[in-house]
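Let's take a walk through this protein, from the overall picture down to a few local details. Keep the viewer open as you read.

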Amino acid sequence: CIVALKETTVGRDNAARKAFEREAALLANLRHQALPKVMDYFSENEGDFLVMEFVPGNDLAELLDVRKSPFPQSQVLRWADDLLELLEYLHGQKPPILHRDIKPANLKLTKTGEVFLLDFGLAKGSAGQMPTLATTRSVPGYTPVYASLEQILGQGTDARSDVYSMGATLYHMLTG
């Protein structure tokens with residue numbers, strides 16, 4: 001089968017390896033139609049690799065650039081329904097899983113109109129064998145025009161931060 005192979009490029013420090021393992025464990029334990037399925041993850045030589053379902057299509061940032069105009073409201077509302085259902089799923093996990101980097105470049109649209117949320121590199125939460133995180137402190141890293149103020153200021157994040165980022169993303173899709 002055709003897969004997507006993601007290799008970490010941050011460096012070989014311990015923090016980068018832990019971030020990779022966190023993303024892999026998060027995704028491997030999640031099952032939702034708007035998320036790619038993780039098939040495997042491994043480290044070899046100097047690389048950490050995530051093997052996941054290949055999602056054909058373009059991300060919404062690319063499509064917006066090609067269009068040179070906003071998307072129709074009816075289309076954005078369909079995406080909003082699908083993505084908010086996904087956020088309800090993620091935030092309903094015990095403990096909740098926060099994506100923390102929702103933006104058009106992390107949303108992929110297939111030729112059949114399905115939207116997928118990608119890149120959980122900044123995600124926070126736990127699933128499967130991951131240890132429970134007892135803090136709401138944010139890890140550094142965000143996309144300023146989509147991040148909530150509490151994330152930018154390093155004051156911690158919760159489900160409302162994802163909702164804010166989703167709103168900023170939808171606004172961008174509607175207005176260009």
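Of the 176 residues in this protein, 43% count as buried. Keep in mind that you're looking at a predicted model. The accessible surface comes to about 9,800 Å², and carbon and sulfur atoms own 55% of that. As for contacts between residues at least 6 apart in sequence, 63% of them join residues at least 24 apart.

Now for the secondary structure: there are five helices and six strands, and reading along the sequence gives you β-α-β-β-β-α-α-β-β-α-α. Three of the strands form an open sheet in the order β4-β5-β6, with antiparallel pairing. Its edge strands are β4 (58-59) and β6 (115-117), each pairing on one side only. Strand β5 (residues 107-109) is joined to β6 by three bridges, and L109 sits opposite V115 in β6. Strands of a sheet pair through backbone hydrogen bonds, either parallel or antiparallel.

Next, have a look at helix α2 (residues 60-67). D59 caps its N-terminal end, with a side-chain oxygen 2.9 Å from the backbone nitrogen of A61. Just after α2, K68 takes a positive phi of about 60 degrees.

Y142, L149, I152 and L153 make a nonpolar patch of about 370 Å². One of them, I152, belongs to helix α4 (residues 149-152). Is I152 buried, exposed or partly exposed? I152 counts as partly exposed because its relative accessibility is 34%, and that label covers values between the 20% and 50% cut-offs.

Definitions and conventions
Residues are numbered from 1 along each chain as its sequence is written. This is a predicted model: local features need pLDDT of at least 70, side-chain atom pairs count only at pLDDT 80 or more; totals for chains, interfaces and linings use all residues. Side-chain values use heavy atoms; hydrogens and water are left out. Patches are made of residues with over 30% relative accessible area and no salt bridge: like charges are joined within 9 Å, nonpolar side chains (Val, Leu, Ile, Met, Phe, Trp, Tyr) within 5 Å. Accessible areas come from the Shrake-Rupley method with a 1.4 Å probe; for residues, only the protein chains shown count as cover. A salt bridge is a side-chain nitrogen of Lys or Arg within 4 Å of a carboxyl oxygen of Asp or Glu. Helices (H or I, at least four residues) and strands (E, at least two) are DSSP runs, numbered from the N terminus. Buried means under 20% relative accessible area, exposed over 50%, partly exposed in between (1.4 Å probe, protein chains only). A polar contact is a pair of N or O atoms within 3.5 Å; within protein, one must be able to donate a hydrogen and the other to accept it, and residues adjacent in sequence count only if both atoms are side-chain atoms. Two strands pair if DSSP finds at least two bridges between them. Contact means heavy atoms within 4.5 Å.
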